[in-house]
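Notebook open, viewer open. I'm jotting down what I look up as I go, beginning with the strands.

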Amino acid sequence: MDFNMKKLASDAGIFFTRAVQFTEEKFGQAEKTELDAHFENLLTRADSTKNWTEKILRQTEVLLQPNPSARVEEFLYEKLDRKVPSRVTNGELLAQYMAEAASELGPTTPYGKTLIKVAEAEKRLGGAERDFIHTASINFLTPLRNFLEGDWKTISKERRLLQNRRLDLDACKARLKKAKAAEAKATTVPDFQETRPRNYILSASASALWNDEVDKAEQELRVAQTEFDRQAEVTRLLLEGISSTHVNHLRCLHEFVESQTTYYAQCYRHMLDLQKQLGRFPGTFIGTTEPASPPLSSTSPTTTAATMPVVPSVAGLAPPGEAALCLEEVAPPASGTRKARVLYDYEAADSSELALLADELITVYSLPGMDPDWLIGERGNKKGKVPVTYLELLS
């Protein structure tokens, strides 16, 4: 018990000394040992790495899980070392609702059939999203989180210890400075004028006491300097390890981009397949940007223009058994032509096709019996077949 009390008193004394030194430094009443410029640069780079890693980590979590309640739930599960329960993605939930709606509204109707097809595509999209979230969490979020919860905590601990060693060193320097000043005063101003020997003896005794105090302060300063240098070296090595952290995070970033690329490629492929499937259902139209209107007479030319099919089906310009049309002899219909913006560059496979450049505007129209995969495109005096998937139909 006595030993614990002595240690407690010693720790309290050290804490008080550091507090006094820190306070005097803040008020400019004490000198502070400055670190070299290279060390300060290492500290600045480490702080920047930590701050930006936190921001990237939080925003990536928002990207993967936009629901804040779900993120809090996952955080609590991780802190309790429990497995996070599997969660249905928004795409999978939408697919479930669409399938139930199709079952209730009639799976054999055009609307029901379309709901079923879209539900299957949404389910595949939800599965792709689940795989992307899982991959990104392991390959990207986990390394960032490990740095903040592991390496950075070690660096912060050693920096706090270095700060304490510096305060101890500066306190020893201040103590030595005061002891030398007192010793000089006692040595240069002895009480030699006193006729009584007692005062002279007291002055000599005080000088000897200050000599001992100076020796003790110098010894403490050497010990404090040694401990500060050792801790500074340890902290420097940890801070220089931030370069390795950057290399590791760079590799993780590449893996995140790869997983994201794979995810969006899968989504694009699933939607293309869905677009092709929807083209086989009567009454299903893709690509029109006009709002839905009440059904008109099937012979109305405005209906043909507003519901131009632009979905893939079977290749070929003319139906089997009929002669192929000569594009130069084909005149555009009186109504039903539309403007279209080209989404991607397209190189014509033969003279019957029209080469396309991304973002250009062309005039398109369809002909009776024409493959819905293709439209007739006109640009100036040039005319040719153009694939629908490369176009965005405008009004």
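How many bridges join strand β2 to β3, and do they run parallel or antiparallel? I looked it up in this model, which is predicted. Three bridges hold β2 (residues 361–365) to β3, and the two strands run antiparallel.

How covered is β3 itself? I checked residues 374–379 and found five of the six buried, so I'm calling the strand mostly covered, given that buried means under 20% relative accessible area. As a reminder to myself, side chains in a regular strand alternate between the two faces of the sheet.

Then a jump to the helical part. Where does Gln 65 sit? I found it in the loop between α2 (37–64) and α3 (68–79). Is Gln 65 buried or exposed? My entry says buried: its relative accessible area is 16%, and the cut-off for buried is under 20%. I also listed what touches Gln 65, skipping neighbours within four places in sequence. The contacts of Gln 65 are Ala 70, Arg 71, Glu 74 and Arg 87.

Val 88, Leu 93 and Tyr 97 make a nonpolar surface patch of about 280 Å². I traced Tyr 97 to helix α4, which covers residues 90–105.

I count eight helices and five strands in the protein chain. What pattern do they follow along the sequence? I wrote it down as α-α-α-α-α-α-α-α-β-β-β-β-β. Of the 395 residues in the chain, 32% are buried. The accessible surface comes to about 25300 Å², with 58% of it belonging to carbon and sulfur atoms. For contacts with a separation of 6 or more, I noted that 71% are between residues 24 or more positions apart.

Notes:
Residues numbered from 1 in each chain as written. Predicted model: local features only at pLDDT ≥ 70, side-chain atom pairs only at ≥ 80, totals over all residues. Heavy atoms only, no water. Patch = residues over 30% accessible without salt bridge, like charges linked within 9 Å, V, L, I, M, F, W, Y side chains within 5 Å. Areas by Shrake-Rupley, 256 points an atom, 1.4 Å probe, with all protein chains shown as cover. Salt bridge = Lys/Arg side-chain N within 4 Å of Asp/Glu carboxyl O. Helix = DSSP H or I, 4+ residues; strand = E, 2+ residues; numbered from the N terminus. Buried < 20%, exposed > 50% of the residue type's maximum accessible area, 1.4 Å probe, protein only. Pairing = 2+ DSSP bridges. Contact = heavy atoms within 4.5 Å.
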